Amino acid sequence: MPALDGTGWHRSHTLKLPHNLRLLMLPPYSPELNPIENLWEELREKSFYNRVFDSTDAIENHLEAAMRDMEKDRECARSIVAWPRIINSLMK
């Protein structure tokens, strides 16, 4: 079950969901309930801490490389986002 925060682009009256999918809206100001926030925090702390970039392109290139590195370390990513309550809810 995907979780969405209150961001405007997470709302649509025209989206047709498959019968076996439902969206869960998170309460406002609750990043601790959204595991992707922890993934972004890991990227910020490990790959962007105390860095200065010359351009937006340099930031994007660095982000792409950092995400590729994180993708290679699946155990690290799993430890950040695969919380037991999430895994258990998916296995039901």
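## Helix packing and salt bridges

Lys46 and Glu42 both sit in helix α1, four residues apart, or about one turn of the helix. Helices here are DSSP runs (H or I, at least four residues), numbered from the N terminus. This is a predicted model, in which local features need pLDDT of at least 70 and side-chain atom pairs count only at pLDDT 80 or more, while totals for chains, interfaces and linings use all residues. Residues are numbered from 1 along each chain as its sequence is written, and side-chain values use heavy atoms, with hydrogens and water left out.

Lys46 and Glu42 form a salt bridge. The term requires a side-chain nitrogen of Lys or Arg within 4 Å of a carboxyl oxygen of Asp or Glu. Side chains of opposite charge can pair when their charged atoms come close. By this rule the count is two salt bridges. Glu75 and Arg78 make another. Glu75 and Arg78 lie three residues apart in helix α3 (residues 74–81), so about one helical turn separates them.

| Salt bridge | N to O distance |
|---|---|
| Lys46 with Glu42 | 2.8 Å |
| Glu75 with Arg78 | 2.5 Å |

How exposed or buried are these residues? Buried means under 20% relative accessible area, exposed over 50%, and partly exposed in between (1.4 Å probe, protein chains only). Lys46 is exposed at 61%, whereas Glu42 is buried at 16%. Glu75 is exposed at 54%. Arg78 is partly exposed at 45%.

Next, the helix packing. Helix α1 (residues 35–47) and helix α2 (residues 56–72) have axes that come within 11 Å and cross at roughly 110°. Axes are lines fitted to C-alpha atoms, for helices over the stretch in contact; angles run from 0 to 180 degrees between N-to-C directions. α1 and α2 are therefore roughly perpendicular (65 to 115 degrees). From α1, the contact (heavy atoms within 4.5 Å) uses Leu39, Trp40, Glu42, Leu43 and Ser47. From α2 come His62, Leu63, Ala66, Met67 and Met70.

α1 also packs with α3, at an angle of about 135° and with axes 8 Å apart. The pair is therefore oblique. Pro35, Asn38, Leu39 and Glu42 of α1 meet Cys76, Ala77, Ile80 and Val81 of α3.

Definitions and conventions. Helix = DSSP H or I, 4+ residues; strand = E, 2+ residues; numbered from the N terminus. Parallel < 35°, antiparallel > 145°, perpendicular 65-115°, else oblique.
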